[in-house]
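Please keep the sequence and the 3D view at hand.

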Amino acid sequence: MNAKPEDIPERIPDPEEFRAEARRWLGGVAKPCAAAGGWGSGSDSVAVFENWTEEQERAHTRRTQEWERTRHDQGWGALDWPAQYGGRNLPAYYEQLYRAEEAAFDVPQRTEIFPVTRQLVAPAIGIWGTEEQKARWLRPMLRTDELACQLFSETEAGSDLAGVRTKAVRDGDNWLLTGHKVWTSGATVATWGVAVCRTDPDVPKHAGITVFLVRMDAPGVTVRPIRQMTGGASFNEVYLDGVSVPDTDRLGPVGEGWRVTLSVLAAERLDSGNLGLDNADRAVDLAGHLPRPLTGAEQDRAADLYVRALVQRLIGLRVTGALVAGREPGAEASVGKLYATETMRRTGDLVSELLGPALVADTGEWGTYAWTEHLLGAPGYSIAGGTDEIQHNILAERVLGLPKEPVR
């Protein structure tokens, strides 16, 4: 991702100038968001994980890809990437400035596969990929012509990603992958899967890992949806049965896969600090639109959530500040992930108290029963993106300097 001299912009626009330019462009290609009409207008969905059928997910993915290609081709996509990949080489936080303006327009909501592809997988390829791999994958992924999912988690490994058992065995110029992955978002619409595999069982577990990009339509790849409590299937389990992967699709050196994996996980935690903020804002709005006065306890909960949302945004700014300074955020990312998880929980607590029985009665009233999607989905983020326990360990060991607990 190192910029060439010709990739460096002559002048980085002032943030307010940039936002005004983004508003003008958005106004010419999209309609204002219906939700801008005020409380009770537009969609009342607050789903944490979408409750779609496979057909609905595919249709929505196609619509979102069309939008992402439009903004990429007109210079609003890969803002912080060099021009050779369709970018403008702007500071990373300009993407957040753009998103703040885009929120006022009616454009397709990005499902998880899009940030995974562009904010997790593409940067990892930028760091670890060969020049041939960068030329082959980066522009198609940044433009969303090709999408990527994560083949990381396994049932046996739990939160210990280094304990993966999916095997990759060398077979001439290819590798044969065999194993089982779980909790994979977007597996049915992804072109590629980033698979963390064990290539050497005889060395310490962190040293025997290698990462591959696997075609999701390759012979031997089977995707099975996992049914959620809400009825949809946002997640999948993926079976790899002797899948042949060319060595040219290996990402990073053999045995260095743990370092490659950490690059992806670090990016995932950077992004997770923004989780749940829209729903927190919606819950505070709900408190202000109830057809009855709030109790003292409800006022306290609403005020607490309002302040938490402000603090969470400040934590996000600290992460952005670290990026702008050229420093990889560490503690900020873990704190942001933990804080976001708690914000999502407190959002559910406030809504449950405000709505009472109306929360579970599907009367068709705007902004009531829809909240069940949040309550059923939010607990999942205490696991996704690195469990809360893992984040606590990171802070304890790397910030507080506490010793690791001995293995018993």
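Strand S3 (residues 174–185) pairs with strand S7 (residues 235–246) in the antiparallel sense over ten bridges. Strands here are DSSP runs of E with at least two residues, helices are runs of H or I with at least four, and both are numbered from the N terminus; two strands pair if DSSP finds at least two bridges between them. This is a predicted model, in which local features need pLDDT of at least 70, side-chain atom pairs count only at pLDDT 80 or more, and totals for chains, interfaces and linings use all residues. Residues are numbered from 1 along each chain as its sequence is written, and side-chain values use heavy atoms, with hydrogens and water left out.

Two residues other than glycine have a positive phi: Thr 144 and Trp 183.

| Residue | Phi | Relative accessibility |
|---|---|---|
| Thr 144 | near 65° | 0% |
| Trp 183 | near 65° | 52% |

Thr 144 lies in the loop between helix H5 (131–142) and strand S1 (148–151), and Trp 183 belongs to S3. Is each one buried or exposed? Thr 144 is buried because its relative accessibility is 0%, whereas Trp 183 is exposed. Buried means under 20% relative accessible area, exposed over 50%, and partly exposed in between (1.4 Å probe, protein chains only).

Finally, Leu 310 in helix H8 (residues 296–324) is partly exposed, at 40%.
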